[in-house]
Amino acid sequence: MKFHPLIPLVCVMITAGCSNYATVTEIQPGYRSPTSAGKIIAQTIDQPFSPPLVRMGAYLDAASAAAGVLKTQPDNTQARLDYNFATSRIFGIIHDAGLKPWKAPLACPGADRVWSFTLEGDPRPERNPSKFDIQPADIYQFKGTLVRHSLKDGIGAPLVVVGKAAASGKAQDFEVARISYGMTGLVNFSGGKCVASFFDPLAVEDISFEGHRQPLAADFTAPIALALVDRNPREKELDGLFRPTDFEAKTRLARLQPYDPKKIPVLCIHGLGDSQATWAPLIETLRGDPVIRKNYQFWFFSYPTGYPYPLTASVLRKKLDALNDHYPDHKKIVVIGHSMGGMISRTLITDSGTRLWNAIYEKPPADMPFSDETRKLMSDSLIFKHRTDISRVIFASASHRGSDVATSFLGRLGSAIIGSPDDVVPDEPEVMALAKPNSTGENLKRMPNSIDFLEPTNRFVSTLAKIPTVKGIPYHSIIGDRGKGGNSNHDKPVRTDGIVPYWSSHIDGAKSELIIPSHHWSNQHPLGIAEIDRILHEHLKTR
C-alpha cells in the first residue's frame, strides 16, 4: 500500500496532542560546592582537555573525599551531591575516552596517590558492560509531551545504559528490540583501590555505603525519554496504522525490565494510531513510587493498529500463551488498555461463546466452506474464553461501543486510506461473501479494518458490548470529558473526551469509574496516572 498524501489530515484526528514526544539536549553539567570535594570538582571541570586518566584521578579524589564525610555523617546532603557528581563524571570519561576498566585496572593519578580503578564485569550478556553504551543521566535535558521528570534522591550516579545492538532472541525472551535502561553506578574505596559497580534501582532500594544504609539514587525518566528520541515511535505509529502489513512482524509482547517472578506484571495495551510510547508518562511517574517498584513490573503489547482488533486480540492471546510457557511462575497480570487497547482488553475478560460468530455467520465454523487456516483464524477471532491469567483490568478512555468519529468524514477517509489490510484472511472473498448483511442491509465488500471496528453499528462491537464480563475479575474505568461535562447518553451536548463519548467508555459493573477533565489520552493525564497508581495499591490488598 502506498503512503497517501491525505494521511496527515486523518492523523490530526487520530494522533492529536502527541507531537514532540521527546527532545533531548546534551549539556556539560556545571557544579559549585564549598566543600573540599567541590573545589576539586570545580578545578577539574575547568581543565576539560587534561588527559582522561588524570581527570578520572581528580574526580576519584573528590569522590573519595565525599565518601569520607559520608562515613561519619551519612545524612550530609552536600557530601552526597559531591560524591554523585564526581561519580557521574567518572562514568562519562570512561564512555567518552573509550576506556575498558572491566578488562584491566586503570591507573588514575590523583593528588597524592595513583588510584587503581576497576569496573566490575559480568559474563552474562545482559550485564556485560562491553555490550552497552553507558552515559551519566545528568548530561541530558529532556522536553516533550511524553516526558515526566521522575528522580529519586540517594547515593550513586544515575546512568543510562543503551544496548549497542538489538537484543538477541527478543522474540523468544520477550525483550524489547534494543535495550535502553536506567542503572545507578557507585565507586567504593579501599585504600588506593576503587571498584565501580552497577545497581538496578527497580530492584534495589537501598545499599550499604561507607558503613551505613543509603537510599539508591535513580533517574526514572532518562532511559525512557532517550528511547523515545532514539526510536522515533511517531513514524512507527503511522506505519502500524496505515501500513499494518509491513508492521506485522514487529507485533510483540515485551518486558521493560528484567523478569522477576515476585513482581506482578502490568501489561499496557495502546490504542489506535499509537504505540508503546503512549505509556511513557505513566511508567516514568509510577516508577517513582517505591510501592510500585517493589511489587510491579511493566510490559507492553505492541501491534499494527490498522488491523481489525478482534484479530489483534487473538494474536495477543497466543502471545500470552507463549508468555505462560516461558515464565510459568509469573503472577497474574494486571492489564491497562487505552482506547482500542481497552477494546482488546475487554475480550480478555469475556467468554464469547458463539454469540459473536452467530452475529456474522448463519452456519457454525465446521459447516463453513473455509480452508482450515481461515476457519481457525476466524474462529480464534470470534470465539474465545476469558484469560485465567488476568487478575484485573483498567480501562482508560476505552471505546467499548465505538465512536461516531469513525463515521464522520475524517473517519471514513481514514478507513478508505487503510482499506482492507493485505493478507489478513487467506479466503477473504469467501469470508466476505458468506457474512450476513450489515446493519444497513448491505453485503460486506472488503475485510473491515480498525476504523471500521470503531463504528458503533459494527456487529462485533455492538454484540460484544452486550456480553457480560466474567465474574471474579474486577475492572475499572478512567474516562475523560475535557472538563466540559455533557450528557451521558446520545443527547447533545454529549460528554466526550473529544474522540470517545462517555456512552462508549462507560461499562456497567466497574469497581470504580473516575471522570477527569482530560482529552482522549487520559492515561497520560496526572489525574489518570494518580488513579492507576491508586488502583495498583488497592490491588495489592487483594492478593
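**Strand β14 and its sheet**

Strand β14 is joined by 6 bridges to strand β15 (residues 296-302), and the two strands run parallel; helices (H or I, at least four residues) and strands (E, at least two) are DSSP runs numbered from the N terminus, and two strands pair if DSSP finds at least two bridges between them. The model is predicted, so that local features need pLDDT of at least 70 and side-chain atom pairs count only at pLDDT 80 or more, while totals for chains, interfaces and linings use all residues. Residues are numbered from 1 along each chain as its sequence is written, and side-chain values use heavy atoms, with hydrogens and water left out.

Within this pairing, Pro265 stands opposite Gln297 in β15. A further 4 bridges join β14 to strand β16 (residues 333-338), again in parallel, with Cys268 opposite Ile336.

Strand β14 (residues 264-269) is mostly covered, 6 of its 6 residues being buried, where buried means under 20% relative accessible area, exposed over 50% and partly exposed in between (1.4 Å probe, protein chains only). Ile264, Val266 and Cys268 point one way from β14, whereas Pro265, Leu267 and Ile269 point the other way. In a regular strand the side chains alternate between the two faces of the sheet.

The open sheet has 7 strands in the order β13-β15-β14-β16-β17-β18-β19, with mixed pairing. Because β13 (252-255) and β19 (512-516) stand at the edges with a single partner strand each, one side of each is left without a neighbour in the sheet.
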